[in-house]
Amino acid sequence: MSGPNTDYDPVEVTPLKSEEVESARDDALAAIADATDLETLKQVRIDHTGDRSPLALANREIGALPPQARKEAGQRIGKARGAVNQALAARTSVLEAEHEERMLVEETVDVTLPTDRVPPGARHPITTGSELIADIFVAMGWEVAEGPVIEAEWLNFDALNLGPDHPARTMQDTFWTDPQDNGIVLRTHTSPVQARTMLTRTPPIYVVCPGRVFRTDEYDATHSPVFHQVEGLAIDEGISMAHLKGTLDHFATAMFGEGITTRFRPSYFPFTEPSAEVDLVCFVCRGATVVDGGDGPVACRTCRGEGWIEWGGCGVVNPRVLRACGVDSDRYSGFAFGMGIDRTLMFRHGLEDLRDLFEGDVRFTTAFGTEI
Ligand code: PHE
């Protein structure tokens, strides 16, 4: 067996030559310095300190050296590896700090941004307005009644004394459903609810019915083929036109304020006799017909100098209607009225265009959202 190779000259082992070690170390330090992110640095660590790196391979050669040469070679390699590890550690902490800083910037949450980018919705003014009207009557002990919007022709017309050939049928341009002779219409007014109520209840009856109605009208600033009416019906013993007037005056004042009352103008509805158109005291000039125009009084634009504004129709229920709906017309009498809810809201809120109520623009609706 041969002994240790005491003549072995470490300088002859290429990987351990001091220039080789220094160049491996310098390559490593340069690669470390060049690494600009942690991912690259990880690869540099593998390439320059891993098992197959030049310095690791050189280190492995040390064992093969004669004992007296090992110390010096070991010191040289150790120093080089130490320098590389130190540089790696320093570069790692620099890149980690950079990474952290970048993440802080990239993932910053701006807590000052507004949080209400999905604004809360608002109930539609027609809904709140209908409820307000119903509440005025409920406070007087009335009940709220409802009926279908797709209605029997008989209830919409015939029961209300509007027979098939009655000329007044043409007053309400009707949407008929197919087939034409099936006797089903989109209700043209809320008055069929009167008929339905009388057919299903016994007097005394005090009901108010807000609801949607349909007519083949143009769609413009003051007309719409779909609009809303509120119908009132009172049936009791001894009901007269005076009760009707008092009720509508109260309704007007509750809706538009103190001093806004009503007047009646003779009119005709087949289902009421006598019948009247209801006018409101103009809520702008308050009946004065003129307003202050800056340089003196000018005619009020809202009522066109009339002092009054058309509001709806009303009358004493025609006994023929009472009888058609099974009410004893000798014992009971009643009054009924109907007016446009949309029109009422236009007055109340100073709206210029009816279409604003139907076009669903939330910027319009939201303004009413807090009304209770
Ligand atoms: N129904 C009538 C209309 O739509 C209004 C009305 C209701 C008139 C009740 C009198 C009584 O024009």
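Begin by selecting Leu280, which counts as buried because its relative accessibility is 0%; buried means under 20% relative accessible area, exposed over 50%, and partly exposed in between, computed with a 1.4 Å probe and protein chains only. This is a predicted model, in which local features need pLDDT of at least 70 and side-chain atom pairs count only at pLDDT 80 or more, whereas totals for chains, interfaces and linings use all residues. Residues are numbered from 1 along each chain as its sequence is written, and side-chain values use heavy atoms, with hydrogens and water left out.

Leu280 belongs to strand 7 (residues 272-281); helices (H or I, at least four residues) and strands (E, at least two) are DSSP runs, numbered from the N terminus. In general, most peptide bonds are trans.

**The ligand**

Which of the 15 residues around the ligand come nearest? They are His189, Ser191, Arg215, Gln229 and Glu231.

A polar side-chain atom of His189 is 3.0 Å from a nitrogen atom of the ligand. In Ser191, a side-chain N or O atom lies 2.9 Å from a ligand nitrogen atom. At Gln229, an N or O atom of the side chain is 2.8 Å from an oxygen atom of the ligand. The ligand on its own has 330 Å² of accessible area, of which the protein covers 93%; such areas come from the Shrake-Rupley method with a 1.4 Å probe, and for residues only the protein chains shown count as cover.

Colour the shell by element. Helix 7 (191-200), strand 5 (226-236), strand 10 (308-317) and strand 11 (333-340) each contribute at least two residues, and strand 11 gives the largest share, three residues. By class, the shell has five nonpolar, eight polar and two charged residues; Ala, Val, Leu, Ile, Met, Phe, Trp, Tyr, Cys and Pro count as nonpolar, Asp, Glu, Lys and Arg as charged, and the others, Gly among them, as polar.

**Serine side chains**

Select Ser333 in strand 11. Ser333 is buried, with a relative accessible area of 19%, and a polar atom of its side chain lies 2.8 Å from the backbone oxygen of Ile239.

Proceed to Ser224, in the loop between strand 4 (205-214) and strand 5. Ser224 counts as buried at 5% relative accessibility. The backbone oxygen of Val226 is 2.6 Å from a polar atom of the Ser224 side chain.

Then move to Ser93 in helix 4 (residues 67-106). Is Ser93 buried, partly exposed or exposed? Its relative accessibility is 45%, so Ser93 counts as partly exposed. A polar atom of the Ser93 side chain lies 3.0 Å from the backbone oxygen of Ala90.

**Helix 2**

Leu41, Val44 and His48 are the buried residues of helix 2. They line one face of the helix, because they fall within an arc of 55 degrees seen down its axis, the arc being that of the directions from the helix axis to the C-beta atoms. Glu39 and Lys42 are exposed on the other side of helix 2.

**Two loops**

Finish with Arg304, in the loop between strand 9 (297-299) and strand 10. Arg304 is not a glycine, yet has a positive phi of about 50 degrees; it is exposed, with a relative accessible area of 73%. In the loop between helix 6 (153-156) and strand 3 (184-186), select Pro179, which a cis peptide bond joins to Asp178, with omega about -15 degrees.

How values were computed:
Near = heavy atom within 4 Å. Polar contact = N/O pair within 3.5 Å; in protein donor to acceptor, adjacent residues only side chain to side chain.
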